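Hi,

Here is the structure I promised to pass along.

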Amino acid sequence: MRMYANFINGESIENESVSNINPSDTNDVIGNYARGNEQNVKDAVECAKHAFLLWSKSGLLDRHTVLKKTSEEIINRKEELGKLLAREEGKTLAEGVGEVTRAAQIFDFFAGEVLRLMGESIPSIRPNIHVEITREPLGVVGIITPWNFPIAIPAWKIAPALCYGNTIVFKPAELTPGCAWELVDIINRSGLPKGVLNLVMGKGSVVGQAILENENINAITFTGSIETGKLIANACAKHMRKYQLEMGGKNPLVILDDADLDKAVDCAINGAFFSTGQRCTASSRLIVTEGIYDKFIEAMLEGTKKLVIDNALKEGTHIGPVINDTQLQQDLEYIKVGREEGAKLLFGGERLNRESPGYYFQPALFTECNNNMRICREEIFGPVASVIKVKNYEEALHVANDTTFGLSSGICTSSLKYSTDFKKNSIAGMVMVNLPTAGVDFHVPFGGRKNSSLGSREQGKYASEFYTNIKTSYISH
């Protein structure tokens, strides 16, 4: 079994290791991946700090070349990397290849952004004085990523960090180190100087904590749970450093009486159940007006029953397993909670057995829900959808906004009036009209409000707001 080492200052650093297990087939060990320690983090930060002195002053063409070569290799290996992603995370092969393709697109976009770096040149209000506004890199950036998008999320953090001249200490999720290791290997073989990008795999309580405590880290970008996000915010405040947090959602999909029923059901099934519901943009609250409610429930039930849950690599699979037994038990616990609260489990919510041993879970559809139930308030992070019946649009909007989260929201309607009002009044960072709440482009800003996000937006040109500092210079003529 191959041992995959940490990568610090251009060198492979071996540690104790942990096996990377396929959730579709627990007999399948993908490889053994290093589990780093506090000293590894300290060494990585020191190397990144030293490398920053040169990388931050590197030529634009040097950065462009690294990012462009990275994009090209990722896309040329999309089938191979997509299969690896499906094996270690549990997404279907099609979803895995799609995510890898998105990672390539992100690096390609930021390869272009390197050549579009701009500032401002404006006159002062005082005579014979000129003002220049420029952007400069931050320094050493700590990157901490989750397991549910093991190559796309690292890509949309690493690519802009490198684009704008920063150096990196990268800690991927312990459950999905394979894609992270391959990504770092590709980038470092694309001409990146030693020490610019360092990989330290391992436990959050060890590696992540060491990143938080290191005073030479200039900024931290994180995607994960609210609880960890709060710890990071507190640690960054202590060190007076910049931080960026993406922390989840309890996203509503509103379905009005005038909606196209087939389109509404497609949006609901895709948003609630695809990727096994393990995405922060999943539509876990389906808010349906009473005129279409019965027809929607009937069609939603029929569509849910047709879903094929099986090995992520198997042809014809719609939904793979959940990531591990801990997540499976959490999903099952919420099924119990929903029933105890009085919701009706119309379908699913059970562990499934398949040909290969894995963490298979039947997507669950709850009806007779209200927005005070825990299943409608807390992020389950599994394929569990709760349907809430409302009288009209006004009540639907109120229920949609009645949450501590604010990442993504959606509405299915043929009404220009209601879609326009929803776009304006939905308290969310992203709004979808007649589309699933999950599924965003790589060149536009990503992020939410309330407990979903804190800090600058990710992706697109808006990434520069986090990965750079602004400098204002005055020049007297």
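This is a predicted model: local features need pLDDT of at least 70, side-chain atom pairs count only at pLDDT 80 or more; totals for chains, interfaces and linings use all residues.

Searching the whole structure gives 8 aromatic pairs.

One of them is F109 with F442: the ring centres are 6.4 Å apart and the planes are at 75 degrees, so this pair is edge-to-face. F109 is buried, at a relative accessible area of 16%, whereas F442 is partly exposed, at 24%. The cut-off for buried is under 20%.

F109 also has a charged neighbour: R116 lies over the face of its ring, 5.8 Å from the ring centre.

Another pair is W147 with F381. Their ring centres are 5.5 Å apart and their planes are at 85 degrees, so this pair is edge-to-face. Here too, distant parts of the chain are linked: W147 is in the loop between strand 8 (140–144) and helix 5 (152–163), and F381 is in the loop between helix 12 (374–377) and strand 19 (384–390), 234 residues apart. W147 and F381 are both buried.

Two further items for your notes:

- Y4, Y33 and W181 together make one aromatic cluster.
- K389 lies over the face of Y293, at 5.1 Å from the ring centre.

Methods: Residues are numbered from 1 along each chain as its sequence is written. Side-chain values use heavy atoms; hydrogens and water are left out. Rings of Phe, Tyr and Trp (its six-membered ring) pair if their centres lie within 6.5 Å; planes under 30 degrees apart count as stacked, over 60 as edge-to-face and the rest as tilted. Buried means under 20% relative accessible area, exposed over 50%, partly exposed in between (1.4 Å probe, protein chains only). Helices (H or I, at least four residues) and strands (E, at least two) are DSSP runs, numbered from the N terminus. A charge sits over a ring if NZ of Lys or CZ of Arg is within 6 Å of the ring centre and within 35 degrees of the ring normal.
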